[in-house]
Amino acid sequence: MDEYLIDVEFDGVAEQIKTYASSVFEAMDSMVTLKGVEEVFSILRTKDNKSWTVEELNLTKLRELRELIGDDAGIIEELRKK
């Protein structure tokens, strides 16, 4: 697991959230599941200072898609086997 620092707007306030994830995609998924996150600006993986700038992200659409996933723990387990 890697540490990620994610700059977001949370309930109308700019915040930096720390999360631990296996990939940048999993880190972003964490932001999708946090209902207070209104916008994601950037992501930094602390182990190597790799950064991503997030532009034109539709969190509403991602949340709608996320709700279609029934067994996310099972999906993550299967992906880790690959």
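1. Negative patch. A surface patch is built from residues with over 30% relative accessible area and no salt bridge; like charges are joined within 9 Å, and nonpolar side chains (Val, Leu, Ile, Met, Phe, Trp, Tyr) within 5 Å. Lys and Arg count as positive, Asp and Glu as negative, while His and the chain ends are not counted. The place of a charge is taken as NZ of Lys, CZ of Arg, CG of Asp or CD of Glu. Accessible areas come from the Shrake-Rupley method with a 1.4 Å probe, and for residues only the protein chains shown count as cover. A salt bridge means a side-chain nitrogen of Lys or Arg within 4 Å of a carboxyl oxygen of Asp or Glu. In this structure, Asp-11, Glu-15, Glu-38 and Glu-39 form a negative surface patch.

2. What you are looking at. This is a predicted model: local features need pLDDT of at least 70, side-chain atom pairs count only at pLDDT 80 or more, and totals for chains, interfaces and linings use all residues. Residues are numbered from 1 along each chain as its sequence is written, and side-chain values use heavy atoms, with hydrogens and water left out.

3. Overall layout. The protein chain has 3 helices and 4 strands. Helices (H or I, at least four residues) and strands (E, at least two) are DSSP runs, numbered from the N terminus. Along the sequence the order is β-β-α-β-β-α-α.

4. Inside and outside. Buried means under 20% relative accessible area, exposed means over 50%, and partly exposed lies in between (1.4 Å probe, protein chains only). Of the 82 residues in the protein chain, 28% are buried. The chain exposes about 5700 Å², and carbon and sulfur atoms supply 51% of that area. A contact means heavy atoms within 4.5 Å. Among contacts with a separation of 6 or more, 45% join residues 24 or more positions apart.

5. Where does Glu-39 sit? Its place is in strand β3, residues 37-45. Glu-39 counts as partly exposed because its relative accessibility is 38%. Asp-11 is in the loop between β1 (2-10) and β2 (13-21). Asp-11 has 52% relative accessibility, so it counts as exposed.

6. Positive phi values. Check the backbone at Asp-11. Its phi is near 50 degrees, a positive value in a residue other than glycine. Glu-56 also deserves a look: its phi is positive, about 50 degrees, although it is not a glycine. Glu-56 lies in the loop between β4 (50-53) and α2 (59-67). At 83% relative accessibility, Glu-56 counts as exposed.

7. Salt bridges. Side chains of opposite charge can pair when their charged atoms come close. How many salt bridges does the rule give? The count comes to 4. One of the pairs is Lys-47 with Asp-2, whose closest N and O atoms are 3.6 Å apart. Lys-47 is exposed, at 60% relative accessible area. Asp-2 is buried, at 17%.

8. A strand-to-strand pair. Glu-3 forms a salt bridge with Lys-18, and their closest N and O atoms are 3.5 Å apart. Glu-3 is in strand β1 and Lys-18 in strand β2, so the pair links distant parts of the chain, 15 residues apart. Glu-3 is partly exposed, with a relative accessible area of 22%.

9. Arg-45. This residue lies in strand β3. Is Arg-45 buried or exposed? Arg-45 is buried, because its relative accessible area is 17%. Arg-45 forms a salt bridge with Asp-48, the closest N and O atoms being 2.8 Å apart. Asp-48 is partly exposed, at 42% relative accessibility. Leaving out residues up to four places away in sequence, Arg-45 touches Asp-2, Glu-3, Tyr-4, Lys-50 and Trp-52.

10. Nonpolar patch. Which residues make the nonpolar surface patch of about 350 Å²? They are Leu-57, Leu-62, Leu-65 and Leu-68. Leu-62 lies in helix α2. Leu-62 is partly exposed, with a relative accessible area of 31%.

11. Leu-34. Leu-34 lies in the loop between α1 (24-33) and β3. At 33% relative accessible area, Leu-34 is partly exposed. Apart from neighbours within four places in sequence, Leu-34 is in contact with Ile-17 and Arg-63. The C-alpha atoms of Leu-34 and Phe-10 are separated by 9.1 Å, and the two residues are 24 residues apart along the chain.
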